[in-house]
Amino acid sequence: MGIKLSPASPAGRWLGLVTAVWVQAISGNNYTFSNYSDALKTLMGLTQLQLNSLSVAKDVGKAFGIFAGLASDRLPTAAILLIGSVEGFVGYGVQWLVVSGRIQPLPYWAMCIFLCMGGNSTTWMNTAILVTCIRNFRKNRGPVSGILKGYVGLSTAIFTDVCSALFGDDPAKFLLMLTVVPLIVCLSAMFFLREIPPSKSAAEEGEETKFFGIINVIAIVIALYLLAFDVTGAHGRLFSQFFAAILLVLLASPLLIPIYLSVKNFIRLGSEAVDVEQTVTEPLLAAAEEAEKKVEVVNPAEKRRPVIGEEHTIVEALQTVDFWILFGSFLCGVGTGLAVMNNTGQMGLALGYADVSIFVSLTSIWGFFGRILSGSVSEYFIKRAGTPRPVWNAASQILMAVGYVVMAMAMPGSLYVGSIVVGICYGVRLAVTVPTASELFGLKYYGLIYNILILNLPLGSFLFSGLLAGFLYDAQATSTAGGGNTCIGAHCYRLVFVVMAVVCVIGFGLDMLLCVRTKTVYAKIYASKKSKKSSSNIVQ
């Protein structure tokens with residue numbers, strides 16, 4: 001008898017998560033605009049406002065993520081991944097053709113469309129991954145959100161460092177990687193990632209926590225490895241190729257978990273009889289639970305408006321004050337963070353830095369730490385004391401405001417400090433908001449609710465990057481011979497940072513209000529987890 005790896009088995013569930021991690025590790029291409037924005041600006045003769053509007057077009061693609069949310073309840077995970085990967089191949093492929101000089105620069109409106117397609121492609125990938133994995137690991141929503149969002153944060157550094165290691169800082173080759181790699185990875189993930197029943201026992205939940213800890217350690221090692229490569233300066237070609245090879249090994253190492261579970265399951269079973277028993281029993285249990293849910297739904301006594309913490313339809317969620325508080329605070333955090341990410345290249349040039357790729361990588365790597373640690377830490381404090389998850393968003397808003405003040409002061413090294421702080425806080429914001437939405441409004445329509453929340457990405461990009469940063473930069477800039485403009489000096493972005501610091505203080509107030517309003521929800525979650533743990537100890 002050979003080792004079987006059913007997608008519905010524990011090993012199959014973890015193999016699905018590993019492929020999801022790989023997809024997330026290549027789906028943060030939207031945050032890499034600074035790596036090739038200067039090439040587009042030069043080729044097309046753009047002003048800073050026009051360039052920022054291109055970056056907004058990229059983020060507007062996320063507004064169409066609503067279609068991915070609607071599809072998440074109607075199409076299988078594989079189909080959603082296929083749509084996203086093909087759309088990204090076209091969107092980034094055309095940008096590569098332009099930057100590499102294979103075709104003449106397209107009209108401005110056409111470039112906006114292809115950047116929009118590239119931006120929208122990630123919403124399909126992220127929706128497929130987040131919705132499927134949070135449903136598969138619903139009892140560890142914080143850690144799974146932190147891991148997946150963490151790898152999105154690392155993806156910018158992965159792309160930037162691998163491209164730098166293999167090809168030098170060539171924007172055309174960088175865009176070629178953005179075109180081809182996500183397509184290959186998504187096509188691979190289509191075979192393994194699907195929605196399956198979550199763990200049913202306290203023992204399985206404990207095993208999940210252990211394995212999430214292992215993946216966290218691997219991810220931190222990868223982040224430190226990337227950071228070491230960034231801070232050690234220029235490297236020779238042979239060393240850079242060795243670096244890229246080791247990085248691929250580290251990215252593949254989480255495969256040891258499903259391999260371990262497959263071998264363990266093979267040893268434990270020992271005979272086909274046990275396999276048959278499990279195959280018959282699990283669907284019956286799942287069917288019984290589903291039937292119980294259906295009885296609850298048709299019971300007229302249950303027909304009432306849901307309260308926070310229960311399953312909401314999208315209309316019911318939009319009718320709550322809590323949804324709009326979460327939406328507004330999310331805008332304050334991610335909108336201002338995107339303004340920094342989209343303008344990192346110009347910020348560095350304005351302060352006299354010739355190579356700005358280090359700031360892009362710093363924001364990415366420290367964004368990873370913010371994402372992965374906040375997911376696990378927030379989950380720990382819910383289980384330990386029922387601490388409302390939004391409190392971590394509030395803390396990140398205040399820290400981000402401090403980061404903007406430091407950047408406005410433009411002291412030596414302030415852009416390094418600011419890039420790190422903004423990366424951490426932006427990461428916290430994403431990783432904490434994802435499970436918070438599922439806890440407040442349920443998992444049934446989570447795909448659509450998530451994509452409505454991330455409308456804040458194009459909205460925030462338009463308000464803070466396209467309008468605020470674009471207009472204020474152009475007001476300080478001088479015209480260049482090619483028809484564009486440039487600005488050198490600390491004054492170029494100072495007022496932008498001050499305004500964004502004030503916005504973050506407003507976001508802090510909204511997050512604290514949400515903490516107060518959801519305190520009872522997290523108290524119930526804490527009581528439920530504590531009761532389940534006590535029952536498990538009694539049974540043992």
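1. Ala 410 sits in the loop between helix H16 (390-409) and H17. Although Ala 410 is not a glycine, its phi is positive, at about 55°.

2. On the basis of the values: this is a predicted model, in which local features need pLDDT of at least 70 and side-chain atom pairs count only at pLDDT 80 or more, while totals for chains, interfaces and linings use all residues. Residues are numbered from 1 along each chain as its sequence is written, and side-chain values use heavy atoms, with hydrogens and water left out.

3. Glu 439 belongs to helix H17 (residues 414-441); helices are DSSP runs of H or I with at least four residues, numbered from the N terminus. Glu 439 counts as buried because its relative accessibility is 9%. Its side chain forms a polar contact with the side chain of Tyr 522 at 2.8 Å (a pair of N or O atoms within 3.5 Å; within protein, one must be able to donate a hydrogen and the other to accept it, and residues adjacent in sequence count only if both atoms are side-chain atoms). Beyond four places in sequence, residues in contact (heavy atoms within 4.5 Å) with Glu 439 include Arg 141, Arg 389 and Ile 525.

4. Gly 61 occupies the loop between helix H3 (48-60) and helix H4 (65-71). With 0% relative accessibility, Gly 61 counts as buried. Setting aside neighbours within four places in sequence, Gly 61 contacts Cys 116, Gly 119, Asn 120 and Thr 123.

Notes:
Helix = DSSP H or I, 4+ residues; strand = E, 2+ residues; numbered from the N terminus. Buried < 20%, exposed > 50% of the residue type's maximum accessible area, 1.4 Å probe, protein only.
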